Structure formats: C-alpha cells, structure tokens
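I opened my notebook to look up a few pieces of this chain, one entry at a time. Here is what I wrote down as I went.

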Amino acid sequence: MISEPPTLTRLRSRYQDDTAQVRQTFERTGDGSAAIRRRAQIVGNLLRQLWADVAAGDDQSGIALVATGGFGRRELFPCSDVDVLFLCASDRIEPVWSERIRTCTQAMWDVGLRASPVTRTLKECERVHPDNLEFTVSLLDRRYLTGSRDLYAKFEKELLPSVILREWDTVVQNLAEMARARHAKYGNTIFHVEPNVKECPGGLRDYHLTQWLTLLNAIHAEKAWPRTAADEFYGTHDEPESAYDFLSAVRCFLHYRSGHDDNTLDWHAQDEAAARSIGLDTRGTSDPAYWMRTWYRQARTVYRRASLLMDAVPPPRRSFYKQFRRKRTPVPGTDFFLENGRLDLAEGVAVNDADSILQIFGLMAKHGYRLSFVAEDRISDALPVLAVQMPEGPFLWNCLREVLLGPWAAHALRTMHALGILELLIPEFHGIESLVIRDTWHRYTVDEHTFHVIDNVHKLRQPQHDWEKRLATLLPEIGRLDLFFLALLMHDTGKARRNGNHAASSVELCESLFARLELDPEERETVRRVIRNHLEMSAAMRRDIFDAETVRAFAEKIATQPQLKMLTLMTYADIRAVSPEALTPWKAESLWQLYMSASNFLDRSVDEVRYHAAADPALLTRVIAMLPAVQPGRAAPPAPGSTASQLDELREFLEGLPQRYLSTRTPEQIAAHFRMAQALAEDPVQVSFRAVRQLGEVNLLTADRPGLFADMAAVLSTWGMNIVKADAFSNASGLIVDTFQFTDTYRTLELNHSEIDRFLQSIRDTVSHRTSLEALLRSRPHKVSRPRVTIETRLEYDNEASSHSTLLQIVTQDTPGLLREIALSFAACRCNIEVALIDTEGETVIDVFYLTSGGGKLDELQQEALRASLTRRLSAMRQ
C-alpha cells in the first residue's frame, strides 16, 4: 500500500505539471498526434510508479498490467479514460491481488486520472463474447506496462493469436455490425452540421476501425500475428495519415476547450477552431465555413476507407459453392467488371473514357453497386483527362437521367460527389459542397441534405407508414420524374450565394446547366417552377390550412395539378431530410390535408378563374413582356399592324381563357398560339405539330363548333395515334385552343417525316369538313389488341366542383377511338365542353370534362341521358 501520502501528492503535482506542459505545447504547435502520444507516455510512467509503490516487495510472477484501447495505442487524449487490464495468471491469483488492484485504481483517481480498469484471468481472455466485443477489440491495441513479462509474453504470443484465429469470423462480423449500427445512428453520413469527432461516420472511431480490420485481415491471411511489431503497426498511418492528424488535433482542442471528454464540434467550437486554424498547416484565423470543409474532406477520407473494408467483410454464412466461386461479369462497353456487388477495373487498365464512367454511375444508381477501392482511386487520378472529355447536350442529359431515376440515385450521386465527377458535370453544385447553414433544425450540410431529399422520394416506392403510402400514390402521377429529380438536385444550390433568396438564386444557377443539357423551353420551365416554388407549401403549412383563403392563395400560386403533386412530394422529402425527427405524424397529416384542399380547389376553379384584361391588367402586362423575348428569329411571319394593334389582338386572344391555360403554357407556347390565331384570316383551321420526347403533340386553333372535339379525336385515331393527354380551352370570342399528346403506335411520323404534312392536312380537311370523316375511318382500319387487365368503367358527376359547369370524370379501359366516342355522346346530348383534361395511366383512362348545356349546369335528367349514351357507346367498344 502507499504508506506516505506525500508520495501521492508529489505524483499528482508532477502529473499536473507534465499535462500543463503538454497543453502549452499543443496550443503552440497544434500537433494533436504528438500531444496524445506524450500524454500516453506520461500516464504510463505514472502508472508504473503507482504500481511499484503498491506492489513493492511482492512476487509479481502471476500478474501483469496491460495498457489497452487508446492507452495501448499510445493515443491518450487530454480527458480520455485510461484503460488498464490487470491480467492474472489464474483464478487462484486474482483474489491475492484484488486489494492491491483496488488501491492502485483509487490512487489513479486521486492523482487525477479517469481510471477504467478491468481484471481478467488468462482463461477468461480466451473467450469472445459477442455482447461484449469491445473488450476483445481493446486487446488488439494492448501494450505491456509492468508486472510479469513472462505472463504478458504468453498472453501476447500464444493466447491472443489463437483466440483471434479461432474466432476471426465472429470478431470481424460483429465489429462490422457494430460499426454499421453506429453509422445508422448518425444517418450513414459524415455531413452533420455539428459532428461528433469520435463517433460520427468518418470520425476517429472509423479510423481505428480501419486499423483493426486491416490487422485482422493480415492475421487471417498469414494465419499468424503479423511479423511487424505491434508498436510499429499502429504507429504508422498510411493514406488517411493527414486525416488522422487533423482529427486528433480537433479532438485535443475540444477536450482542452471544455475540460472534459466532449467530442461534439458545435457552432461555437467551430468558430474557435477556425479562429485558431486547428489542424491546419497555416497559422492565424480561417473562415469557419472553409475550416468545416476541411473537416468534411478529412472525414470523407476516413469514412471511405472504413466503408470499403466493412463491405469486404464476408457474410455470416456462406454456401460451400460460393466459397470457391468468384464470378466476374464484364460490363458491356466499358473496361469494368462486376464481382461480388462491386465494380472494379482490371489491373493496368487506364481510365480515360468519360462515357463509360457515366455508364458505370448509371448502373450504381439502378442496382446499388459500389466501386472497389482500386476503381475509385483510378477515377480520382483520371479527373484531369475526364474533365476534357466530359460530354454535353442530350447524351449528358441521358446519362444524368439514368442516375437520377435509379432507386439508388442518392448513393450514386454521393460517390460521384466524393470523387469529383458530379462537379465536373454540374459545376453549379460545387458551391454547396460541405456547406453548413447555421440554424436550429438542419442536421446535415446542404449537399448531403440534397441527397437525402432525393433518397426520400425514391423510398416512397416502398412506403412504410400510412402517410407514406398516401404520398406514394402521387409518384406514378408525375409525368416527368427526370425533371422533378433534376429540380431536387438543384433546388438548394442558390444557398451558396447567401443572399437571402436561395430559391431565386438556384433558378439562376440552373440556366447554364439547362444550356449544357440542351433542354427545351418547356422542360426548363418545369424545373424552374418547382425550384421557384419549393418553399411555398412549407410556408402555407405555417398558416391555418383549413382556412379557405389560405388554400386559395396557395393553390393559385401553384396553379396546376402536376406542380402541386411535385411540390407535395418535394415538401415531404425536404422536411424529412432536415433530420429524422423533423417530419412528425402531425406534420405529415397537415401536408396531406393541404394537398387535398389545394387539389380540390384547383379542380373546382379550373373553368372558373379566367383571364380578364380589365380585372387583371398586370397579368396582361407580364404576358406581353414575355412575347418580344420569344418572337425574334421565329420562322412564322410577323404579326400585321402596329404595336398597339398587336397588343389589342393579344388582349382579345387571351380574354376569357382559363387561368390554367396561362399556368401550363410557357411564354414560347403562348406566343406560338397567338401567331396561329393571327393567321386564322388566311386559314380558319390552324394546326401545328411537334415531337415532345416519345410523344407527338398537335395544337389546334379554330372557331368552336359542335362535334369539333369528336372530329379531332377521330382523325387522330384513324392515323393510329393513341391519345394519352389532351386539354381543351376556349376564350371569350369562341376560339378554341386544343392540345393533344399521343403515342405513334406504328411510328408512322417518326419513320416517314414526309407524312407529317399529310397528317396535318388531313386534320385541317376533317375539321373544316372538306373530307368525309366516315370515309377516312373506313380507309384506315386498325386491330384492337387484347387488354392485359380489365378496367371497369366508372362515370362520376360533381355539380358542386364548379359554379357554372358540371364536372364529369370518366375512368375506363383505354381503347382506340375512345375519346371520339365520348365526344360523340357529348354532341348527341347537346353538351358543350368548357374544359377537357385527358390523361392515361397504363391501360387506364382518367378523363375529366367540365360540361355545360344551354349555358348552365346539367340537371339530373341530362346527366342520366348522358350516362346512358356513354354506357352504350363504351360497352359497344368492348364487344
């Protein structure tokens, strides 16, 4: 026992002086690695002295003191626990030394050490307990302190290697599983706004994980403990060396700053660390945002190595066949091959083909594959070559689409981001790399938040909660998922400008990307609208969502059902990406309630809210302002008359058109329709055609008349066109603006461009009654294919949805000529189509018509007569 209290006082005083000197040196040099090694040395010497006083004169042949954990690695941070193993030769020895062990432990606390002792016999060390794997792992970092050298040699050279070799699978698999659980706790990302430098992915725990797995793999390969001395093995840090030095300096700083084992890098700590350039080679003050980006870069290096080693851990059970089978599957068109879920490159193959690299990331997004460590290194090394070869235009957009639409898009994008590929494709994204937005709710950096948003939408394909299942029903209704995901990817890029309006800034940054991808004006406007309005739904949810005025203001700003659906999904994904706790069940319910209310409002008001120049001159001014930007360089003839006359004509054209028309058309489309309206004096039937992705689109402008919609549907059907979307609007002067989108079943127009003119002429002749429609129908018979599924017909009336129209929704089987038969029933029952919204989902038609008869709603008798006519015609089509 320690007989003289002054000895303890002297040791305490010396320890305090030594640790104070270590701190002064750290504050002068910023070298965290040196500080923790020096403290480990000081504590080791102190513990030897304490034990020498406790065990003075005793036979120590049956006991040894072993440093484990960080103490064993000579990595003792300022406020870390001191892990010590009191190793006893047998059960008989342990009781003999128990009182001395207790005295030594108490002396450690009295001196000022946070003692974390454990007593084990050699026999107890032979067992590996999966529930207490930390002890076995701590033995990988063991180091002799004092006591019996022979006992320690037996423990190190005989017992420990045999245990590790025997229980290798258990140790490695449980070690990897513990790491995965820890990563999951932190969202499997390094990009936390206030990271834990020890436990977060990419932190010091991951660095040590790489050391343990590397050592265990070496033991497994050599069937013995590595010949390299343990001290040398753990004293050398390969690729992540600079990352380790940086992390060590940061943790030392946090411990000294708080005076205890605090490993959270909060905002105030970030400011102080940046002011002192902790971990940086330069001295002086640095910007906190720049300093945090250094943190994320270093953490990414560690996390990448840890993830690759974890992925290489074999599964708990492997079939006999799979142990001897390693199938390599070449990836067509590239130098890559797939092996065990990883994409790799053959030895000696150089990466110099940007096209194949983009194809690889598409496969990663589609199947969840990962790159091997070698492949990642070679891609990183080839960035200068890839930068020169990176494609643009439709090819680049198609490659990016494949990534965005894949269920593992977020994983592929993170990998592209980590390797620098994403910034080559989209330099506008670079501004939010590792960008911290300091508020009280965002847990992740802006770039990581963006990846979470994309992932949250993809996860709706397999919904878990009831509210997820409801939101998931909107996903198939998004017509252009590729554009939606592009908007998600870019929606927060404007935060890099920090000007207070990041939505507008994000839209501005998108313009150069649109040009490189060569998106058409409508595609650009779709993305713009989603980004521009992406905060509107969250703002509306901070109001009374059951107030009619709140719903009206929000719905009128969004304007269309497709935009509403996209914004609903985006708001859900955006809120959930803030942090796992951000989207409460109450908030999810409020989101759905707001969506339903706004959707109902848009359905009710589709034929109510119409443009009136006198009531809304500001809107006229905005539309007029758009026209000059799209008129120069057009092939169409210039509008006749003076500017004032042209404005009057535009006013007359827009007067009475539904607000939906203005909301769903781009300025270019409105200008094109206006020019068609001006040309009506030359030809009373104006028709235009264009290809829209895989669809054809026909626009028709002419004077309204009974049966016009039916004739238009019929002529498209005779050409074998299957109408998938359509809408019909009319202005105050009786001019109709109809748009039909269709699939070209027989690829007639695609394969024979000369047929387009004949196709348009047949529309003009039919609409103007210059050609007999019945003769045209007889001349082009088409086979009706057998439907794969049977859709029951449903006819639903709603006389409350609109103030002056009757809403009719028709859900039925998609068949050729369907729309014509519906329109013929309308004509036979003297119903006028105010607005038509045609949509097709697979083999299901969902058509909505706003109908009037004699200028008013349909009464019950008229509804029943129309129901009977529709039922008769639709039933006849199925026979």
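**Entry: strand β14**

I began with strand β14, residues 806–813, in what is a predicted model. How many of its eight residues are buried? I found seven, so I noted the strand as mostly covered because buried means under 20% relative accessible area. Next I looked up its partners. Strand β13, residues 794–798, joins β14 through five bridges, and these two run antiparallel. One pair I could point to is Tyr797, whose bridge partner in β14 is Leu808. Strand β16, residues 844–852, is joined to β14 by eight bridges, again in the antiparallel sense. Here I picked out Ile810, whose bridge partner in β16 is Asp847. A reminder to myself: strands of a sheet pair through backbone hydrogen bonds, either parallel or antiparallel.

**Entry: the sheet with β1 to β4**

I then turned to an open sheet of four strands, in the order β3-β2-β1-β4, with mixed pairing. Which strands stand at its edges? They are β3 (115–121) and β4 (143–147); each has a single partner strand, so one side of each is left without a neighbour in the sheet. From one strand to the next, the twist averages 25°. Inside the sheet I followed β1 (residues 63–67) and β2 (residues 82–88), which run antiparallel and are joined by five bridges. Leu65 has Phe86 in β2 as its bridge partner. I also saw that helix α2 lies across β1, β2 and β4, running at about 25° to β4.

**Entry: helix α2 meets helix α11**

Helix α2 (residues 32–54) packs against α11 at an angle of about 65°, and their axes are 7 Å apart. The two helices are therefore roughly perpendicular to each other. On the α2 side, the contact is made by Gly32, Ser33, Ala35 and Ile36. On the α11 side, I listed Tyr244, Asp245, Ser248, Ala249 and Cys252. Sorted by type, the residues of this contact are five nonpolar, three polar and one charged.

**Entry: helix α11 itself**

Helix α11 covers residues 241–258, which is 18 residues. From its first C-alpha to its last it reaches 26 Å, close to the 26 Å expected at 1.5 Å a residue. Is it enclosed or open? Of its 18 residues, 13 are buried, so α11 is largely enclosed by the rest of the structure.

I looked up another open sheet of four strands, ordered β5-β6-β7-β8, where the pairing is mixed. Its edge strands are β5 (329–330) and β8 (370–371), each pairing on one side only. Strand β7 (residues 342–345) pairs with β8 in the parallel sense, over two bridges. In that pairing, Leu343 has Leu371 of β8 as its bridge partner.

**Entry: Thr748**

My last stop was Thr748, found in helix α35 (residues 748–751). Is Thr748 buried or exposed? Its relative accessibility is 17%, so Thr748 counts as buried. Leaving out residues up to four places away in sequence, Thr748 touches Trp719 and Glu755.

Technical notes. Residues numbered from 1 in each chain as written. Predicted model: local features only at pLDDT ≥ 70, side-chain atom pairs only at ≥ 80, totals over all residues. Heavy atoms only, no water. Pairing = 2+ DSSP bridges. Buried < 20%, exposed > 50% of the residue type's maximum accessible area, 1.4 Å probe, protein only. Contact = heavy atoms within 4.5 Å. Expected span 1.5 Å × (residues − 1). Axes fitted to C-alpha atoms, helices over the stretch in contact; angles between N-to-C directions. Parallel < 35°, antiparallel > 145°, perpendicular 65-115°, else oblique. Nonpolar A, V, L, I, M, F, W, Y, C, P; charged D, E, K, R; others polar.
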